[in-house]
Amino acid sequence: MIIFIPDTYNKAGLGHLYRCYKYAHYLKNKDIIFLIKKTFNKKFLNNSFKHLFYSNLDTILKKITKKEEVQFIFLDSYNKKLHLKNFNVYSKKTLSILDYKTTSKADVLIDHTFLRNKTYHNKNRPNQKILFGHNYFPICKNLKKLKKKIILIDFGSVKNLKIIKNSINFIIKMKLEKKYKVIVINKFITHKDTKKFKNIYFVKFIKNIKNIYSQTFFSIGACGISLYEKCFYNIPTIALKVSDNQKFNFLNFKKTNNILNYNHIINSQKHSKTKVLDMIIKVKKNLKKNFVLSVNRKKLNRLFMSIN
């Protein structure tokens, strides 16, 4: 058995859970359980996986391990106390996603941060293995080759509606909504916020985001987990750092021309439509060179074969 423990606290957003789902796809024919906080909204769960709900993590782990042998526990959380926990009392190995600096007792650490320096993490155990690089980010499937007719605005679990409105106004000023379908994903936006915008589609959540990605010409969004997915799918993004833990991503993606700077493009509004579209095409060319799905899959297949 393999246990996934994603961060499903109310303020954690969906990124940790959905990243774990993608890693789980690499573990074919395995008995997999996801441990989910009881307070988490069940509508966001992927029903193709088994879920158990807990209020106390140790209690549910003890219950599981009395009946089953756990091969490894996979942790994806910003809770520093969990990374200090000795999960090896419940499993043979522990694997942790760790894209920030903290102490971890896991056997294997994965930091898929783009251009992360290999001296960033210190080994906390003699045999601890640390894996660096964006090719350890989980990507499951190729996108269907469809006509690019969507502009996607998605800043994740961000309450700052001003950046969304500025993005929409930028698109309207460029008259891009006349040629492309503009989709805004944000769970906090209300009818009052949206009623003045015509020909803009607002949704709180999309379960099958790959269908949207396959039709997306470019996106406007944050520098979190979804940025990696867009890059591997070669979707150019006009990107903004919306939290401190996105600073490293923003700086490194920007300096390698794998994103466009939101503040330079949207807030300044000094570029013509032709210039903006030209910059988007240049970013797409860079993404094709730097984010290669076949390389990514080889890395992840090797990783999980070695763990198995």
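**Which residues lie nearest the centre of the second largest pocket?** Of the 13 residues that line this pocket, Leu143, Lys145, Lys148, Tyr233 and Asn234 lie nearest its centre. This is a predicted model, where local features need pLDDT of at least 70, side-chain atom pairs count only at pLDDT 80 or more, and totals for chains, interfaces and linings use all residues. Residues are numbered from 1 along each chain as its sequence is written, and side-chain values use heavy atoms, with hydrogens and water left out. The pocket's volume is about 270 Å³, and its lining has six nonpolar, two polar and five charged residues. (A pocket is an open set of points on a 1 Å grid over the protein atoms alone, with protein on both sides within 12 Å along at least five of seven lines; lining residues have an atom within 4 Å of a point. Volume is the space filled by probe spheres set on the points, which are joined across faces, edges and corners. Asp, Glu, Lys and Arg count as charged; Ala, Val, Leu, Ile, Met, Phe, Trp, Tyr, Cys and Pro as nonpolar; the others, Gly among them, as polar.)

**The largest cavity holds about 50 Å³ of space.** A cavity is a set of grid points where a 1.4 Å probe fits but cannot get out, and there is one of 30 Å³ or more. Its lining includes His83, Lys85, Phe87, Ser104 and Arg125. By class, that's three nonpolar, six polar and three charged residues.

**Six strands make an open sheet with parallel pairing.** The order runs E10-E9-E8-E11-E12-E13. Strands E10 (200–203) and E13 (260–261) sit at the edges with a single partner strand each, so one side of each has no neighbour in the sheet. E8 (residues 150–154) pairs with E11 (residues 216–222) over five bridges, and Asp154 stands opposite Gly221 in E11. (Strands, E, at least two residues, and helices, H or I, at least four, are DSSP runs numbered from the N terminus; two strands pair if DSSP finds at least two bridges between them.)

**Strand E6 (residues 108–111) is covered on both faces.** Val108 and Ile110 are buried on one side, Leu109 and Asp111 on the other. (Buried means under 20% relative accessible area, with a 1.4 Å probe and protein chains only.) E6 pairs in the parallel sense with E5 (residues 93–97) over three bridges, and with E7 (residues 129–132) over four. Ser96 stands opposite Leu109, while Asp111 stands opposite Phe132.

**Helix H8 (residues 247–255) has Asn249, Phe250, Asn252 and Phe253 buried.** Just after H8, Asn257 takes a positive phi of about 60 degrees.

Terms used: Buried means under 20% relative accessible area, exposed over 50%, partly exposed in between (1.4 Å probe, protein chains only).
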